[in-house]
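Reader: I would like to learn how to read a structure like this one. Please take the features in turn, with the general idea before the case.

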Amino acid sequence: MIVSSTPSFMSFDGADHSTEQFHSAVRAQLAQDIEVMFAYAKLPTPLVDACRYVMTGQGKLVRPLMVASAFTSVNDGMKVATNINTASDTLSSNRTNLTDTALNDDLEMLLENDSDYDMCRRAALAVELLHTYSLVHDDLPCMDDDELRRGQPTCHIAFSEATALLTGDVLQTLAFEVLTAEMPTFAPFDTAIASQLFAVFAPRARRMVAGQMLDLNAEASPQISQSDLEAIHRDKTGALIEAAMLMGGICAGATALQRMALQECAQHIGLAFQVQDDILDVTTSTDTLGKPAGSDEKLDKSTYVKLMGVENATAYAQSLFNDGRAAITRELSRHESSSNTDNDALLALIEWLWARKK
């Protein structure tokens with residue numbers, strides 16, 4: 001078997017690891033996996049340079065965090081012993097020298113779940129690739145014509161419009177390829193899990209594009225209703241958030257009830273995330289956002305702030321976050337072993353999202 005890199009986010013315990021430490025571990029793993037993917041893909045220049053440029057910017061990485069948080073929550077990461085990272089460091093550096101007596105129960109569980117963890121890594125990489133492709137294309141002159149993204153010049157400004165177009169194209173194809181690609185540092189893909197991931201990922205990728213079209217159709221429309229706006233954003237923003245949470249759960253072997261809870265949570269959080277974005281667009285500076293503030297107004301986009309005002313939009317976002325929390329908390333409460341929700345990675349992520357300023 002190909003040895004995977006150290007599973008640094010296998011556990012989440014509020015007593016020992018803060019939310020930020022957990023998120024930092026996920027981001028660090030993703031950064032390593034992005035480089036492995038580029039080495040595998042062997043893209044020509046300047047395409048590889050543009051891809052690396054957009055994939056390694058200062059993004060929030062919300063969707064990979066959702067994959068990892070859902071995976072960890074379903075796995076009940078609180079039960080993983082605190083010495084697991086030390087043991088897995090030894091495994092990664094010299095697995096062949098480990099004897100049976102060196103493997104405690106927790107490390108044995110880690111080895112059994114090695115493929116599941118690596119499928120989670122693949123899923124986190126896939127959703128970030130797809131999301132980044134959508135941003136590259138959104139920024140093009142034929143779309144939003146933006147010059148700043150994630151605190152740096154957009155891809156077509158830094159390279160060229162043609163390169164940016166191809167960058168989005170190849171990131172989209174890689175998003176699906178990485179789920180089953182034979183890449184170094186990844187265990188061989190699990191066929192059963194991969195097929196489930198494709199079944200969740202592909203239709204939501206299509207919905208994301210359809211939502212973008214609906215959003216363009218709605219520009220400068222004075223008659224758009226809240227239900228129309230929600231229909232746009234349940235696809236444009238919410239579909240990929242649904243995919244991220246469901247894919248994390250699938251990699252962890254989520255039950256049917258757990259998948260239902262994850263999907264319900266994602267539907268609320270996906271909409272809340274878009275309402276938040278609309279609010280931040282008018283209340284936060286360009287320096288903080290990392291992209292032009294006020295761009296929605298410049299493009300005369302239909303937004304929740306335009307429809308409801310900042311105060312009502314904020315209250316609506318909070319109610320959606322509350323509904324998302326409730327969906328997960330109900331599922332956690334079904335299992336006595338998971339009743340301590342203070343240590344749940346997905347609930348911690350929701351709190352982090354509610355407090356975000358960009």
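This is a predicted model: local features need pLDDT of at least 70, side-chain atom pairs count only at pLDDT 80 or more; totals for chains, interfaces and linings use all residues.

Author: Begin with a single residue.

Reader: Where is E242 placed in the secondary structure?

Author: E242 sits in helix α11, which covers residues 238-251.

Reader: Is E242 buried or exposed?

Author: The general idea is a cut-off: a residue is buried under 20% relative accessible area. E242 counts as buried because its relative accessibility is 4%.

Reader: Which side chain makes a polar contact with that of E242?

Author: The partner is R204, and the polar contact between the two side chains is 3.1 Å.

Reader: Now the whole chain. How many helices and strands does the chain have?

Author: There are 17 helices and two strands. The chain has 358 residues, and 52% of them are buried. Of the contacts with a separation of 6 or more, 79% are between residues 24 or more positions apart.

Reader: How do I look for empty space inside?

Author: Rolling a probe the size of a water molecule over the atoms shows where empty space is left. In this structure the search finds four cavities of 30 Å³ or more. The volume of the largest cavity is about 110 Å³.

Reader: Which residues lie nearest the centre of the largest cavity?

Author: They are V54, V136, D139, R149 and C155, from a lining of 13 residues. Two or more lining residues come from each of α2 (47-55), α6 (114-138) and β2 (152-153). The largest share, three residues, is from α6. By class, the lining has six nonpolar, four polar and three charged residues.

Reader: What is the span of α6 from its first C-alpha to its last?

Author: The 25 residues of α6 reach 36 Å, close to the 36 Å expected at 1.5 Å a residue. Helix α6 is mostly covered, with 23 of its 25 residues buried.

Reader: And how should I read the buried positions along a helix?

Author: An α-helix has 3.6 residues a turn, so residues three or four places apart point the same way. Take helix α16, residues 310-332, which reaches 33 Å from first C-alpha to last. Its buried residues include A313, Y316, A317, L320, F321, G324, A327, I328 and E331.

Reader: Which elements do the buried residues of α16 pack against?

Author: They pack against α10 (226-236), α12 (256-283), α15 (304-308) and α17 (345-354).

Terms used:
Residues are numbered from 1 along each chain as its sequence is written. Side-chain values use heavy atoms; hydrogens and water are left out. Helices (H or I, at least four residues) and strands (E, at least two) are DSSP runs, numbered from the N terminus. Buried means under 20% relative accessible area, exposed over 50%, partly exposed in between (1.4 Å probe, protein chains only). A polar contact is a pair of N or O atoms within 3.5 Å; within protein, one must be able to donate a hydrogen and the other to accept it, and residues adjacent in sequence count only if both atoms are side-chain atoms. On a 1 Å grid over the protein atoms alone, a cavity is a set of points where a 1.4 Å probe fits but cannot get out, and a pocket is an open set with protein on both sides within 12 Å along at least five of seven lines; lining residues have an atom within 4 Å of a point. Grid points are joined across faces, edges and corners, and a volume is the space filled by probe spheres set on the points. Ala, Val, Leu, Ile, Met, Phe, Trp, Tyr, Cys and Pro count as nonpolar, Asp, Glu, Lys and Arg as charged, and the others, Gly among them, as polar. The expected span of a helix is 1.5 Å times one less than its number of residues. Contact means heavy atoms within 4.5 Å.
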